[in-house]
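Subject: Structure for your review

Dear colleague,

Please find the structure below, followed by a short account of what was found in it. I would ask you to keep it open while you read.

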Amino acid sequence: MQGRYVILSFLDSVLTTLVISEFIYDVVKTIVVVVFINMVTAFMAEYAEERSNLDRIERALLVRRGSLLRTSLHRKAVVNALVNGLVYGAVSLLGTVITEFSIGLALIYWVPLIPIVILGIFGALMSRYFHGNYITWSLIYILLGLLASYIRFVLA
C-alpha cells in the first residue's frame, strides 16, 4: 500500500466524522459507517488498479483480455486489494475513533479544538512525506478541518 492511501484514509475519516457526527447520534454507528464506506471504496479502487495492471500485462503478452483471471496473478491482485482495503479501514477506524471521542471535549463556538489540532500535527508530519513546508501543510489540514466543522455547524 502506498503512503498516500494511509494519508488519505486518515484525513478522509477525520473530515467525514467532523461533518456527520452531528447527524448520527450513536458513536458506534458513526464509526461503522465511516469505516465501512472507506474500506469498500479502498477495495474497489485498489481492485480496479490491480485489474488495470493485469490488462496491461495481457496486452503486452498479446493474449485475449480476461485470460489472466484464473491465474495466481489475479488471486494476488484480489488479495492485494483486500489487504489494502483492510489497512485503509484500520487507519480510518483510528481517525474516526480519535475524532469521535475528542470532538466534544473542547469546543470554541463550532470549532472542535482537539481534532483540528490533531489535523495540524498530522499536516506537519505529512509535509515530510510530501517534502513540503510544514507550516503550509499544517495550515492546509487545519483549514480543511475548520471547513468540515463549519459544514457540520451550518447543516445542523
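**Contacts, core and charged groups**

Leaving aside neighbours within four places in sequence, Leu15 is in contact with Leu119, Leu144, Gly145 and Ala148; contact means heavy atoms within 4.5 Å. Please note that this is a predicted model, in which local features need pLDDT of at least 70 and side-chain atom pairs count only at pLDDT 80 or more, while totals for chains, interfaces and linings use all residues. Residues are numbered from 1 along each chain as its sequence is written, and side-chain values use heavy atoms, with hydrogens and water left out.

Leu15 also belongs to the largest nonpolar core, which has 18 residues; Leu15, Leu18, Leu119, Phe122 and Tyr141 have the most contacts inside it. A nonpolar core is a set of buried Ala, Val, Leu, Ile, Met, Phe, Trp, Tyr and Cys residues joined through side-chain atoms within 4.5 Å. Buried means under 20% relative accessible area, exposed over 50%, and partly exposed in between (1.4 Å probe, protein chains only). At least two residues of this core come from each of helix H1 (3-20), helix H4 (113-130) and helix H5 (134-155). Helices are DSSP runs (H or I, at least four residues), numbered from the N terminus. H1 gives the most to this core, with 8 residues. In soluble globular proteins, nonpolar side chains tend to be buried together.

Which residues of H5 are buried? They are Ser138, Tyr141, Gly145, Ala148, Ser149 and Arg152. These residues lie on the same side of H5 because they cover an arc of only 95° around the axis, the arc being that of the directions from the helix axis to the C-beta atoms. The face turned away from the buried side of H5 carries the exposed residues Leu143 and Leu155.

A search of the whole structure finds 2 salt bridges, a salt bridge being a side-chain nitrogen of Lys or Arg within 4 Å of a carboxyl oxygen of Asp or Glu. Asp55 forms one with Arg51, the closest N and O atoms being 3.9 Å apart; both residues lie in helix H2 (residues 27-61), 4 residues apart. Arg65 forms a salt bridge with Asp55 at 3.1 Å between the closest N and O atoms. This pair links distant parts of the chain, as Arg65 is in the loop between H2 and helix H3 (72-102). Asp55 is buried, at 11% relative accessible area, whereas Arg65 counts as exposed at 60%.

Yours sincerely
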